[in-house]
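Please study the sequence and the model displayed here before reading the briefing that follows.

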Amino acid sequence: MVKVKFLGHAAFLIEGSKKILIDPFLSGNPKAAVKPEEVEADLILVTHAHGDHVGDAVEIARRTGAKIVAMYDLANYLVEKESGITTIGMNYGPTEIDGVFIVQVPAWHSSSDGKYSIGNACGYIIKLDGITIYHAGDTFVFGDMALFNELYGPIDVALLPIGGHFTMGPREAAKAVELLRPRKVVPMHYSTWPPIAQDPEEFKKLVGDKAEVVILQPGEELEL
Ligand code: NI
Ligand code: MN
């Protein structure tokens, strides 16, 4: 069994034979379900350099010994800036890390420390214990999402931003569901702050019977 736990904003903990933490923005996150010191992980996947995604990755990696997986440029940036962490830099493509199949996939979004660009933004497709999970990161919808399903599907669960302003809104995310054809979808990256306030029920309506929309409150989890 694989558990997908929503930690708030874009942060998820995937628990199976390995613990995979994604975009652990917890300190300073008004919707965070846990404190950074309460999280255990083997791998920490980061989708891009923005603060609401790198979050507490460094602190958690130092304490747990988890390796940080990120785009090559961001991995190098973190190692140069911080001590006591191990990073695995990669780029768009498939790899296997500690027995977990991971594909770093494109995302249409910027990646920077707020000022200077650091590599590109990405999403991840993860195959753990026979379950396929897609975390889109921050992105707009794009037609090549259909390839993710063709190459790596069926996708058991897609974690999609619906907040608008910085990413897809509900309408675009519903189109992404059409392209990805996942079994289940969990909306994320909404209502953390006023500019990305959204009603997830609206997204659910737009998706209709194309997939099962599972609305998780921070701290809640989905079993697959
Ligand atoms: Ni971002
Ligand atoms: Mn973001």
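Is His50 buried or exposed? His50 is buried, with a relative accessible area of 17%, where buried means under 20% relative accessible area, exposed over 50% and partly exposed in between (1.4 Å probe, protein chains only). This is a predicted model, in which local features need pLDDT of at least 70 and side-chain atom pairs count only at pLDDT 80 or more, while totals for chains, interfaces and linings use all residues. Residues are numbered from 1 along each chain as its sequence is written, chains are lettered from A and ligands numbered from 1 in the order in which they are written, and side-chain values use heavy atoms, with hydrogens and water left out.

**The nickel ion**

- The nickel ion (ligand 1) is coordinated at 2.2 to 2.3 Å by His48 (NE2), His50 (ND1), His109 (NE2) and Asp138 (OD); donors are N, O and S atoms within 2.8 Å of the metal (3.2 Å for Na, K and Ca), and because water is not among the atoms, sites may look incomplete.
- Along the chain, the donor residues of the nickel ion (ligand 1) have the spacing H-x1-H-x58-H-x28-D.
- The four donor atoms around the nickel ion (ligand 1) subtend angles of 88 to 179 degrees, which makes the arrangement irregular.
- Four donors count as tetrahedral if all angles lie between 85 and 135 degrees; four count as square planar and six as octahedral if opposite donors are over 155 degrees apart and all others between 65 and 115; anything else is irregular.

**The manganese ion and the bridge**

- Asp52 (OD), His53 (NE2), Asp138 (OD) and His189 (NE2) coordinate the manganese ion (ligand 2) at 2.2 to 2.3 Å.
- The spacing of these donors along the chain is D-H-x84-D-x50-H.
- Asp138 bridges the manganese ion (ligand 2) and the nickel ion (ligand 1), which lie 3.2 Å apart.
- Asp52 lies in helix H1 (residues 51-54) and Asp138 in the loop between strand E10 (131-135) and helix H4 (145-152), so the pair ties together parts that are 86 residues apart in sequence; helices (H or I, at least four residues) and strands (E, at least two) are DSSP runs, numbered from the N terminus.
- Asp52 is buried, and Asp138 also counts as buried, at 2% relative accessibility.

**Surroundings of Thr167**

- Thr167 is found in the loop between strand E11 (157-161) and H5, and Thr167 is buried, with a relative accessible area of 8%.
- Leaving aside residues up to four places away in sequence, Thr167 touches Asp138, Thr139, Pro161, Ile162 and His189; contact means heavy atoms within 4.5 Å.
- The C-alpha atoms of Thr167 and Leu216 are separated by 19 Å, and the two residues are 49 residues apart along the chain.

**Helix packing**

- Two packed helices are described by the angle between their axes and the distance between the axes.
- H4 and H5 pack at an angle of about 30 degrees, with their axes 7 Å apart; axes are lines fitted to C-alpha atoms, for helices over the stretch in contact, and angles run from 0 to 180 degrees between N-to-C directions.
- That makes H4 roughly parallel to H5; angles under 35 degrees count as roughly parallel, over 145 as roughly antiparallel, 65 to 115 as roughly perpendicular and the rest as oblique.
- Met145, Ala146, Phe148 and Asn149 in H4 meet Ala176, Leu179 and Leu180 in H5.
- The axes of helix H5 (residues 170-180) and helix H6 (residues 200-207) come within 9 Å and cross at roughly 40 degrees; H5 and H6 are therefore oblique to each other.
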